Amino acid sequence: MSEAIVTVDIGGTHARFAIAEVAAGRVFSLGPETTLHTKDHASFQTAWQDFERQQGGALPRAVAIAIAGPTRGEIIRFTNNPWIIRPALIDEKLNVDRYTLVNDFEAVGHAVAQAEAQYFERLTGPDEPLPAKGTVSVIGPGTGLGVAHVWRDGTDYRVQATEGGHVDFAPLDSIEDAILARLRKRHRRVSVERIVSGPGIVDIYETLASMEGRAITPLDDRTIWAAAMSGEDALAAAAADRFCLSLGSVAGDLALAQGASGVVIAGGLGLRIRDQLVRSGFPERFVAKGRFENFMAAIPVKLITHPQPGLFGAAAAFARQHR
């Protein structure tokens with residue numbers, strides 16, 4: 001028998017809510033999403049009450065919450081909004097009997113494990129489903145670089161969230177040498193997240209401009225991405241191509257480190273640049289691992305296209321915890 005739960009995905013700017021049906025450790029349905037701006041609500045509890053009013057009645061007495069940040073500790077604080085969550089008070093404040101609290105990228109890992117095949121689009125490698133056994137690396141460039149892996153044995157699975165976005169960046173050519181040199185002026189140690197995340201395109205763009213001796217007006221990452229996708233700025237387009245190259249290298253490195261037999265690129269940025277990934281050198285960089293090129297070429301690399309992997313994955317995590 002299925003159970004209705006509220007599933008929530010909280011970031012710095014938005015909190016997304018939906019009603020899901022779960023049973024036997026899996027998600028059976030995910031209702032329409034409601035998106036609230038965090039700046040419009042004093043707390044998560046008032047946002048919850050707003051969602052309850054919009055639903056027109058009492059909410060299910062169970063909740064799954066995905067949070068963009070660490071979920072340990074007595075008080076959970078958010079980087080980009082003033083909300084706090086005290087896990088010990090979730091039952092009381094939200095009037096629920098059971099809850100699950102997970103990191104947002106751990107939720108994405110659950111989405112990868114449970115989403116249907118129709119939500120995965122081939123980027124490179126064999127045109128075949130993700131393996132039913134073994135490890136699937138999950139990599140999500142966004143505000144930062146999320147990394148997780150899913151291990152499957154054919155009937156069951158486990159999700160492991162990691163801090164793989166903070167491994168050292170390894171340049172492979174003179175342009176990446178220049179990007180690293182630029183970043184080393186500000187950071188004692190340069191992680192892959194400094195380059196392979198949405199904001200990383202700013203340093204790529206400015207490095208390319210410097211190499212060409214161009215004087216440019218400083219732009220934020222959203223503006224550069226928009227100019228790159230529209231094709232109106234050749235330098236921005238070149239920066240986006242370079243981003244894809246570096247993402248290919250990083251995805252390949254993480255697949256090697258995690259012993260992956262499948263790789264999934266996740267996140268809203270991945271969806272926006274899906275065509276760019278295929279046209280760029282992403283596929284070549286993914287397999288360019290010396291003696292392991294044939295090994296890498298046999299790994300299917302997919303893009304998850306589920307419209308709400310955070311909400312779906314949080315519900316899946318709840319279903320697993322409370323089955």
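In this predicted model, helices α5 and α6 pack at an angle of about 70°, and their axes lie 9 Å apart. Because angles of 65 to 115 degrees count as roughly perpendicular, α5 is roughly perpendicular to α6. The crossing of these two helices is left-handed.

**Contact of α5 with α6**

- On the α5 side, the residues in contact are Ile201, Val202 and Tyr205.
- On the α6 side, Asp221, Ile224 and Trp225 meet them.
- By class, the residues of this contact divide into 5 nonpolar, no polar and 1 charged.

**Largest nonpolar core**

- The largest nonpolar core holds 45 residues.
- Ile139, Ile195, Phe243, Val263, Ile265 and Phe286 are the residues with the most contacts inside this core.
- Two or more residues of the core come from each of these helices: α4 (174-184), α5 (201-211), α6 (221-230), α7 (234-258) and α10 (282-287).
- The strands β11 (145-153), β13 (260-265) and β14 (301-304) also give two or more residues each.
- Helix α7 supplies the largest share, 11 residues.
- In soluble globular proteins, nonpolar side chains tend to be buried together.

**Surroundings of Ile139**

- Leaving aside residues up to four places away in sequence, Ile139 touches Phe105, Leu145, Gly146, Leu247, Ala251, Leu254, Val263, Val264, Ile265 and Ala266.
- Among these partners, Val263 and Ile265 are also listed with the residues that have the most contacts inside the largest core.

**Second core**

- A separate, second core has 33 residues, including Ile5, Phe105, Leu130 and Ala314.
- Phe105 of this second core is one of the residues that Ile139 touches.

Conventions:
Residues are numbered from 1 along each chain as its sequence is written. This is a predicted model: local features need pLDDT of at least 70, side-chain atom pairs count only at pLDDT 80 or more; totals for chains, interfaces and linings use all residues. Side-chain values use heavy atoms; hydrogens and water are left out. A nonpolar core is a set of buried Ala, Val, Leu, Ile, Met, Phe, Trp, Tyr and Cys residues joined through side-chain atoms within 4.5 Å. Buried means under 20% relative accessible area, exposed over 50%, partly exposed in between (1.4 Å probe, protein chains only). Helices (H or I, at least four residues) and strands (E, at least two) are DSSP runs, numbered from the N terminus. Contact means heavy atoms within 4.5 Å. Axes are lines fitted to C-alpha atoms, for helices over the stretch in contact, and angles run from 0 to 180 degrees between N-to-C directions. Angles under 35 degrees count as roughly parallel, over 145 as roughly antiparallel, 65 to 115 as roughly perpendicular and the rest as oblique. A crossing is left-handed if the near helix is turned anticlockwise from the far one by less than a right angle, and right-handed if clockwise. Ala, Val, Leu, Ile, Met, Phe, Trp, Tyr, Cys and Pro count as nonpolar, Asp, Glu, Lys and Arg as charged, and the others, Gly among them, as polar.
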